[in-house]
Amino acid sequence: MMESFTQSWETMVLLEKIYWCFAIPFSLVFIIQVLLTILGSDMHDIEASGDVDVSIESDHGIEFQFLSLKNIVAFFTIFGWTGIICLNLNLSTWTTILISTLCGLVMMLMMASIMYLMGRLTENGTFQINSTIGKSGTVYLTIPAKRNGRGQIQINAQGYRTIDAVTDNNEDIATGAIIEVVDVLNNDILLVKINK
């Protein structure tokens, strides 16, 4: 079999050899990327390391990224296989290069669009604490008067949540009282008042 491959390789034109050199290694990397994604890992996680503790408010999902490692791997995988197919169909050199390049670019665009849309889905599910302003809730743990400590409220905002709260009221707000959210402090504490 190895002898057959060697004979076949020797009869190939240079362009076909180049396409095979792109198709095989990039296909292997593409398969590894897919397996890592299915297993819950990600090439991006392997490449980058850093502080992931960022504010919920600053999370705007994934931006549209046309040039990324995944997209480049996808480009050369499709570029290689399309070129091989075009040469086997006896298309001219320039037609083969044009078609394989266009197919690679279309694949990059598709991959970038998929990643962008997946990022938007994640963004839409992220809790935005500012969405609580103006909403009513119930005191879960007594809220001390004049911001002398934190209590907790339960509120329905993108799901039922328990969130720390303070008040400017002159008296404590007891458990069970109905409150209204007035403001958000430090992106994680609600300022509330009694809902009359």
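At what angle do the axes of helix α2 and helix α4 cross, and within what distance do they come? In this predicted model, the axis of helix α2 (residues 14–38) comes within 7 Å of the axis of helix α4 (residues 69–88), and the two cross at roughly 140°. Angles over 145 degrees would count as roughly antiparallel, and 65 to 115 as roughly perpendicular; α2 and α4 are therefore oblique to each other. The crossing of α2 past α4 is left-handed. Where these helices meet, the contact comprises 17 nonpolar residues, alongside seven polar and two charged ones.

In the model, the span 72–91 is 85% helix and 0% strand, with 25 Å between its end C-alpha atoms. Residues 97–118, in turn, are 100% helix and 0% strand, and here the end C-alpha atoms lie 32 Å apart.

Strands also feature in the model. Strands of a sheet pair through backbone hydrogen bonds, either parallel or antiparallel. A handy place to start looking is the pairing of β1 with β2. Strand β1 (residues 136–141) runs antiparallel to strand β2 (residues 151–156), and four bridges join them. Within this pair, G137 stands opposite I155 of β2.

Key. Residues are numbered from 1 along each chain as its sequence is written. This is a predicted model: local features need pLDDT of at least 70, side-chain atom pairs count only at pLDDT 80 or more; totals for chains, interfaces and linings use all residues. Side-chain values use heavy atoms; hydrogens and water are left out. Axes are lines fitted to C-alpha atoms, for helices over the stretch in contact, and angles run from 0 to 180 degrees between N-to-C directions. Angles under 35 degrees count as roughly parallel, over 145 as roughly antiparallel, 65 to 115 as roughly perpendicular and the rest as oblique. A crossing is left-handed if the near helix is turned anticlockwise from the far one by less than a right angle, and right-handed if clockwise. Ala, Val, Leu, Ile, Met, Phe, Trp, Tyr, Cys and Pro count as nonpolar, Asp, Glu, Lys and Arg as charged, and the others, Gly among them, as polar. Two strands pair if DSSP finds at least two bridges between them.
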